[in-house]
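Hello,

I am handing over the structure we spoke about. Please open it and keep it beside this email while you read the notes below.

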Amino acid sequence: MQVSLHVNGRPVTWETTLSQTLADALREHGCTSVKCGCEQGTCGMCTVWLDGKPVLSCSLLLCRLSGREVTTVEGVEPQARVLASYLVAEGGDQCGFCAPGYIMTILAMEKEVSAPVSEETVQAYLAGNLCRCTGYRSKLRAAVKYLNRSQNGTV
Amino acid sequence: MIQKPVGKVDGMAACLGKPLYVEDFIPRNALRLKIVQSPHAFAYIEKIDTARALAVHGVVCVLTYEDVPQDHPITLAAEAAPEGSTHDRVILERTVRFVGEPVAVIVAETEEAAEAGARLVDVTYRLRTPHFDYETAIDDGIPLYGPGESFVHFDNGHVPERNIIARKDRVYQDVETVLADCDVVEDVTVHTQAQAHIQAETHRTYCYPDGRGRLVMITSCQSVFNTQRIITEGLGIPAYRLRVIKPKVGGAFGGKNTSYFEGLVAAAVLKTDRPCALVLSREESMTISNTRHAARSRIRLGASRDGTFRALDIDMLINGGAHGEHSFDVLNVGGGNTMPIYRCCEAERFTGRAAYTNLVPAGAFRGFGAPQVVYGLEGAVSDLAWKLGMDSSELRLKNIIHQGEKHPFLSGGVVNSSRLEELIRRGRELIGWEEEYPSHRVDDHTIQAVGMAIDMHGSGIGGLDSVNATVSLNYDGSFTLFAGACDLGTGGDTILLQIASQTLNVDMERVQIEVSDTKTTPYDKGAYASSTTYVTGNAVKDACEQMLRRIGETAQKLYGLEEPPHLSDGELLDGGGNRVDTLEEFSHKIASFSSAEQLTCTGAFKCPSAPPPYVAGFVKLRVDTETGKVTLLNYVAMVDCGTVINPNLARVQVEGGIAQCMGYALYEDMRFSKTGAMLSNDLQKYRIPCSMDVPPIQVEFLESFEPSGPYGAKSMGEVTFHTAAPAIREALLHATGCQLNTLPITPEKVLAALEEQKEKGGRLPC
């Protein structure tokens with residue numbers, strides 16, 4: 001079967017099956033930023049945007065997304081690069097496997113909150129993005145610095 | 001370039017999701033593998049009928065025990081040869097010894113076909129009686145291995161008919177005599193559970209034939225050379241026929257230091273002569289690979305009334321599960337990287353045994369035997385201080401080992417660098433020890449308390465580890481560093497580049513690094529035992545120092561100078577500081593027709609000893625005496641890892657290690673059914689810390705200078721792990737007076753301990 005949707009701003013028509021997940025489809029079409037860590041909607045590594053909101057792409061079937069707008073890191077690379085520079089500066093990327101999911105979550109958060117943002121707020125937002133390497137603190141530091149960068153005059 | 005917080009060389013690309021990891025390199029035409037797992041904990045395979053599976057459209061072949069050599073037991077532990085691990089398996093077994101052990105592998109055109117085929121393999125098993133309790137496994141009359149089914153390179157205490165995987169004993173003087181003479185003896189037995197690694201990236205391997213009779217393997221592993229050696233041994237082919245490449249790894253923590261899956265994929269390529277790939281699901285990764293060793297550790301600590309330690313006796317029994325990977329060395333570390341944190345007593349003894357059970361194998365996991373023992377040892381110290389009415393930090397200060405002191409169980413025998421005493425003193429200030437110690441009541445059901453623990457580890461494996469590193473000067477004046485080391489996400493590649501550019505006295509951009517490829521990089525034992533900075537770093541420094549001498553000698557000849565010039569900021573300067581030439585021009589000249597000289601230097605490092613880094617960890621927490629819930633308020637980690645090569649990467653290592661141990665301390669637990677099936681087999685049933693669970697962690701480094709380390713550096717990968725669990729235990733002792741001796745410390749266990757204390761007529765300390 002085929003499904004038509006928008007991926008990273010471009011209209012696409014993809015061949016799919018009744019059981020193919022959005023995560024698998026995105027990877028199949030070259031979006032290597034989409035990582036799968038648990039296949040059951042727990043780890044947050046496969047976070048992408050569906051119509052601008054963060055969702056877990058391992059738990060969505062592509063065949064149900066006709067006409068929807070999907071965004072991955074590849075589609076927001078300029079903003080992702082800015083946030084990533086904060087994460088790398090903190091050393092918070094470590095193995096990097098969960099970093100794209102983290103980036104999509106924090107960039108979505110940026111659209112919903114206004115500075116100044118506290119560490120506790122970020123901590124709650126990130127509860128669904130597991131990371132086994134860093135213990136999260138560096139990721140919180142990076143996100144807080146990024147989200148408050150206009151206030152700190154570091155834009 | 002050292003002591004600078006430079007970002008990781010591959011950090012930006014990883015964040016942006018560029019193709020860096022194994023799965024990103026698997027082409028569409030690769031065959032996909034699916035493992036058929038055993039439903040039984042202990043069974044002999046009478047027959048495998050693959051006819052129905054082979055009939056599935058898209059299934060190419062099915063691998064069984066008949067496809068791999070069966071006569072030569074190997075170990076899958078990716079350790080340097082000769083491995084201490086007991087050799088007790090083959091690539092695909094005819095006898096399965098745990099629920100989940102691979103029975104067959106479906107090789108198919110698509111994942112769907114492989115999965116369909118896996119459901120249609122008909123296996124006839126002859127069931128055997130399994131056993132699951134490691135505390136009763138030794139001598140229970142149910143040996144997992146028969147004659148000829150296991151093998152050891154040297155006597156590691158392996159006795160298959162008694163279910164003993166390995167044994168390790170250390171003895172210094174007569175511990176029983178001294179214990180009998182002590183004023184006070186603390187005797188504590190702790191049980192520490194199996195823990196799952198939960199690397200973000202599950203295990204995965206891709207392999208293809210190169211058209212010249214060789215296989216090229218891209219795999220998420222911790223040691224390319226050991227993987228190459230083990231797998232080719234298991235398949236009965238020469239090592240040169242397999243090239244192993246490690247791309248970026250999405251976390252490992254020891255869990256990828258056993259080559260569980262590489263042999264299956266290589267066997268599939270040998271059989272099909274086509275590219276083959278295996279990407280494991282989370283459940284498969286958890287149920288087929290390995291865990292931290294569950295352990296029972298009994299600590300007897302004898303002291304005089306003033307708190308001076310006089311005798312220390314540790315008896316450690318670990319659960320190796322169904323196979324012997326790493327068990328011997330886990331016992332080695334269990335004594336060697338724990339006991340020498342205190343000044344050597346009048347007598348000390350370590351007795352370690354590893355038992356076989358029919359559970360998923362245990363293996364390497366950050367800390368590697370030390371966290372289990374440290375939980376008991378620091379627990380005994382906490383209990384002793386409590387009993388003597390002494391401040392636990394003072395008791396530790398009274399007994400710790402100092403720089404220049406010797407210990408018979410310490411690798412190398414003597415401490416050449418330590419600021420452990422200052423770690424404790426400074427950590428007390430940061431946590432607010434004086435105000436908080438030991439505990440105070442917040443309200444009618446909440447008590448706040450502080451606790452601490454100290455630990456050490458090694459840097460590499462003394463007397464065993466050896467690595468090489470090569471540096472080349474290119475015609476454009478850049479350098480290429482070739483290292484077989486394996487960056488697992490920790491930033492090892494960046495650290496090695498910092499050491500190289502520091503030694504060569506050039507910008508980091510001028511040095512490129514090529515890593516982790518058995519074909520193009522020199523031998524390195526790989527990333528385990530906290531090695532990259534200390535062991536490989538030393539080899540890199542050696543190679544770069546040789547390069548400086550070669551450049552000087554070559555330039556002296558080329559320019560007809562009296563003295564060799566030296567390299568500074570990309571320029572060659574003579575003794576008076578005058579520019580002789582730029583490095584770029586010099587490189588062009590020596591590469592040209594007149595010279596045709598390629599400067600390449602290979603450095604080496606043989607690890608003489610494993611100098612210990614130290615951590616002092618302090619926790620402030622609250623416990624709810626009505627619900628048993630423990631809430632961590634904050635953590636202070638004081639670290640002496642020698643010179644800190646990269647402060648940011650080091651800090652994140654510390655925070656990550658502590659967070660992993662917080663999960664180990666409070667809730668991470670691998671549960672099994674009565675028939676040995678893993679119940680906590682995915683991320684919904686096995687909980688790891690999320691962002692809400694990890695409190696603020698304050699990290700401070702106090703740098704000692706390790707004379708044998710590169711620029712004074714020691715290791716820091718594993719030492720960061722151990723303190724959180726015993727520090728939490730101590731804080732709970734201070735809060736409640738109860739000894740929580742079984743991990744994880746769930747609210748149920750806290751409540752049960754409070755209940756028991758009440759029944760015995762005890763009361764809360766505040």
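**Domains of chain A**

The centres of domain 1 of chain A and domain 2 of chain A, taken over C-alpha atoms, are separated by 21 Å. Please keep in mind that this is a predicted model. Domain 1 of chain A covers residues 2-72 and domain 2 of chain A covers 75-147. Where they touch, 16 residues come from domain 1 of chain A and 12 residues from domain 2 of chain A.

On the side of domain 1 of chain A that touches domain 2 of chain A, strand E3 (47-50) and strand E4 (53-56) of chain A each supply at least two residues. E3(A) gives the largest share of that side, with three residues. By type, the residues of that side are six nonpolar, eight polar and two charged.

**A sheet in chain B**

Strands of a sheet pair through backbone hydrogen bonds, in either a parallel or an antiparallel way. Chain B has an open sheet of five strands in the order E7-E15-E14-E13-E8, and the pairing is mixed. Strand E7 (164-172) and strand E8 (184-192) of chain B are at the edges with a single partner strand each, so one side of each has no neighbour in the sheet. From one strand to the next, the twist averages 5°.

E7(B) pairs with strand E15 (residues 347-356) of chain B in the antiparallel sense, over eight bridges. Arg167(B) has Arg353(B) in E15(B) as its bridge partner. Helix H9 (residues 327-336) of chain B packs on this sheet and touches E7, strand E14 (309-321) and E15 of chain B. The direction of H9(B) makes about 25° with that of E7(B).

Regards

Technical notes
Residues numbered from 1 in each chain as written. Chains lettered and ligands numbered in written order. Predicted model: local features only at pLDDT ≥ 70, side-chain atom pairs only at ≥ 80, totals over all residues. Pairing = 2+ DSSP bridges. Helix = DSSP H or I, 4+ residues; strand = E, 2+ residues; numbered from the N terminus. Axes fitted to C-alpha atoms, helices over the stretch in contact; angles between N-to-C directions. Contact = placed C-beta atoms within 7 Å. Domains from an automatic or database assignment. Nonpolar A, V, L, I, M, F, W, Y, C, P; charged D, E, K, R; others polar.
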